[in-house]
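Here is a brisk tour of one protein chain. Look at the sequence and the model first, then read on.

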Amino acid sequence: MQTIAMRFSDKFAPEIGTIEAHQHVIEKKGFVWYGKFGSVPRKSVIENLIKSDDSRILLIHSGKNQRYWAKITDYTLETPLKDEMPGYYSTILERMHVWFKVSEFKKAPKDVMSKCIVTSSQSILSIASKESMSPFFIIETQE
């Protein structure tokens with residue numbers, strides 16, 4: 001399955017952390033919009049992913065060993081409604097270039113990155129992510 005692996009950090013998140021802040025919105029609304037800084041994956045990659053039976057992205061916590069699968073159901077380039085995202089986004093909205101509609105977060109196994117191959121280089125994601133500052137990777141995964 002082809003998908004996207006994206007880095008994230010808790011730099012702007014509240015004390016509970018990025019994933020937990022998003023999870024609170026899911027509990028209230030049934031979904032949450034997850035914003036991505038910087039460069040955007042190709043539209044065709046995102047649209048093919050959303051059409052697939054297993055539409056999820058891998059979120060990689062920068063500098064930590066936490067990995068999460070985020071089940072996505074849609075995306076937009078427009079800023080979503082404020083009650084459909086964590087409140088801390090209000091100070092960083094201008095930095096977001098794409099939004100993913102997430103219905104669920106699931107902790108990924110610790111070794112998940114060793115089971116993913118970066119499409120462009122055919123490198124194992126765990127190695128490629130250490131050698132690259134790229135904010136996202138298009139990956140193939142068997143998981």
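Where is the place of Lys115? Lys115 sits in the loop between S5 and S6. Helices (H or I, at least four residues) and strands (E, at least two) are DSSP runs, numbered from the N terminus. Lys115 counts as partly exposed, at 42% relative accessibility. Here buried means under 20% relative accessible area, exposed over 50%, and partly exposed in between (1.4 Å probe, protein chains only). The C-alpha atoms of Lys115 and Thr141 are separated by 6.3 Å, and these residues are 26 residues apart along the chain.

This is a predicted model: local features need pLDDT of at least 70, side-chain atom pairs count only at pLDDT 80 or more, and totals for chains, interfaces and linings use all residues. Residues are numbered from 1 along each chain as its sequence is written, and side-chain values use heavy atoms, with hydrogens and water left out.

**The whole chain**

The protein chain has three helices and seven strands. Along the sequence they follow the pattern β-α-β-α-β-β-β-β-α-β. The radius of gyration of the protein chain is 14 Å, close to the 15 Å that the globule rule gives for 143 residues, so the chain is as compact as a globular protein of that length. That radius is taken over C-alpha atoms, and the globule rule is 2.2 Å times the number of residues to the power 0.38. Along the principal axes, the C-alpha atoms fill a box of roughly 40 × 30 × 25 Å.

Of the 143 residues, 45% are buried. The accessible surface of the protein chain comes to about 7,800 Å², and 50% of it belongs to carbon and sulfur atoms. Accessible areas come from the Shrake-Rupley method with a 1.4 Å probe; for residues, only the protein chains shown count as cover. Contact means heavy atoms within 4.5 Å. Among contacts with a separation of 6 or more, 70% are between residues 24 or more positions apart.

**Strands and their pairing**

Two strands pair if DSSP finds at least two bridges between them.

| Strands | Sense | Bridges | Example partners |
|---|---|---|---|
| S1 and S3 | parallel | four bridges | Phe8 and His61 |
| S3 and S4 | antiparallel | five bridges | Ile57 and Ala70 |
| S4 and S5 | antiparallel | eight bridges | Tyr68 and Lys107 |

S1 is largely enclosed by the rest of the structure, because five of its seven residues are buried. S4 is also largely enclosed, because seven of its 10 residues are buried. S3 and S4 form a hairpin with five residues between them. In that turn, Gly63 has a positive phi of about 80°.

**Helix H1**

H1 covers residues 18-29. At 1.5 Å a residue, its 12 residues should span 16 Å, and its end C-alpha atoms are 17 Å apart, which agrees. The expected span is 1.5 Å times one less than the number of residues.

Which residues of H1 are buried? They are Thr18, Ile19, Ala21, His22, Val25 and Ile26. They cover an arc of only 165° around the axis, which puts them on the same side of H1. The arc is that of the directions from the helix axis to the C-beta atoms. An α-helix has 3.6 residues a turn, so residues three or four places apart point the same way. On the other side of H1, Glu27 and Lys28 are exposed.

What do the buried residues of H1 pack against? They pack against strands S1 (2-8), S2 (32-37), S3 (56-61), S4 (67-76) and S5 (96-107). Just after H1, Gly30 takes a positive phi of about 90°.

**Two more residues**

Lys101 lies in strand S5. Lys101 counts as partly exposed, at 22% relative accessibility. Leaving aside its neighbours within four places in sequence, Lys101 is in contact with Phe31, Val32, Trp33, Lys71, Ile72, Thr73 and Asp74.

Gln122 is in the loop between S6 (116-118) and helix H3 (125-131). Gln122 has a positive phi of about 65°, although it is not a glycine. Gln122 is exposed, with a relative accessible area of 57%.
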